[in-house]
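Subject: Structure handover

Hello,

Please keep it open while you read them.

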Amino acid sequence: MRLVEIDNLVVSFPQADGVVQAVRGMSLSVDAGESLGIVGESGSGKSVTCMAILRLLREPPARITADKMQLAGIDVLRADKNKLADLRGRVAAMVFQDPMTAFDPVFTIGQQIAETILAHHDLSKSAARAEAEAMLKRVEIKNPAAILDSYPHQLSGGMLQRAMIAMALSCRPQILFADEPTTALDVTIQAQILQLIKGLQAELGMGLIMVTHDLGVIAETVDRVVVMYGGRVMEQAPVADIFDAPLHPYTKALLGAMPGQTGGRQRLIEIPGASPNPAAPPAGCPFHPRCAEADARCATEAPAFLPVGPARDAACWRLQ
């Protein structure tokens, strides 16, 4: 079953002095049980893409258009507020970057998870609380009954992240969006959270979209990878192909800057220059000002995103 189908998504933010082009022509799809990673530098449009798909951006100032934007067959662009409220939680849920700001500090963890359950299921408050406790136990929180009555500031970062995953999964969504779910966690806790998400996805048969700038996270978690830069998709391929044989110059540059890729004690290979200004993106390929393989055509014409091999697509003139 096709859970996510996005075709030519454009997200912009009109400003007094111009238009910030956050996402430019994004297309992707995710099937039931499949996991997709979206990687790229900060500002590449990864998080905005997920927020736009779930219609979580304030409109205006955000302006969202697409030829198609569906979640489990539901037209998200044309859905009214009630339909969107029902869709969020029951069909799709999101784990945000910072659980401390995602939780309301004046309500307990149990109250917030139970509220999510009550919004989508006809249960009593006591039954919703019991379900919330069961979800905390499912995400491997010890003494879940005590955590239910705790406030967000009383929990560690790793515990809060587990509680957020429990809240996101409390209504058994078909697709889970995880936006930098291991940010600010130490390495040991990161590994535990990733293993938890991967295990729950397999157990529940969910689709998964994992947003991160950490290629190590992608290598351990997903089946397929979308590489974004400057609001555009540069390359899409199975995860093994991305690491074993990257095709796009930007993908190669990302891997070259990844710790452990150069071997020994050699210095990391940094990508020269800076990410493009989304309010004034360069003409042609957005990566051409930083690309060692760029030629004159790259600076004037944007390459189309086309198949370049089995299950692989890329936007690069040298690959077409």
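The model is predicted. Going by ring geometry, 3 aromatic pairs were found in it. One of them joins Tyr229 and Tyr250, whose ring centres are 4.6 Å apart with 55° between the planes, so the pair is classed as tilted, a class that excludes planes under 30 degrees or over 60 degrees apart. The two residues come from distant parts of the chain: Tyr229 sits in strand 10 (residues 224–229) and Tyr250 in helix 11 (residues 249–256), 21 residues apart.

Are these two tyrosines, Tyr229 and Tyr250, buried or exposed? Tyr229 has a relative accessibility of 2%, so it counts as buried. Tyr250 is at 0% and is buried as well. Ring pairs also bring in Phe287, which forms a cluster with Tyr229 and Tyr250.

In soluble globular proteins, nonpolar side chains tend to be buried together. The largest nonpolar core here has 56 residues, and Ile165, Leu176 and Met210 touch the most other members. Helix 7 (residues 157–169) contributes the most to this core, with 8 residues.

Which residues does Ile165 contact, leaving aside its neighbours within four places in sequence? They are Val95, Val139, Ile193, Leu196, Ile197 and Leu200.

Apart from this core lies another one, of 39 residues, including Ala22, Ala52, Ala92 and Val233.

Regards

Note on methods:
Residues numbered from 1 in each chain as written. Predicted model: local features only at pLDDT ≥ 70, side-chain atom pairs only at ≥ 80, totals over all residues. Heavy atoms only, no water. Phe/Tyr/Trp six-rings, centres within 6.5 Å; stacked < 30°, edge-to-face > 60°. Helix = DSSP H or I, 4+ residues; strand = E, 2+ residues; numbered from the N terminus. Buried < 20%, exposed > 50% of the residue type's maximum accessible area, 1.4 Å probe, protein only. Core = buried A, V, L, I, M, F, W, Y, C linked by side-chain atoms within 4.5 Å. Contact = heavy atoms within 4.5 Å.
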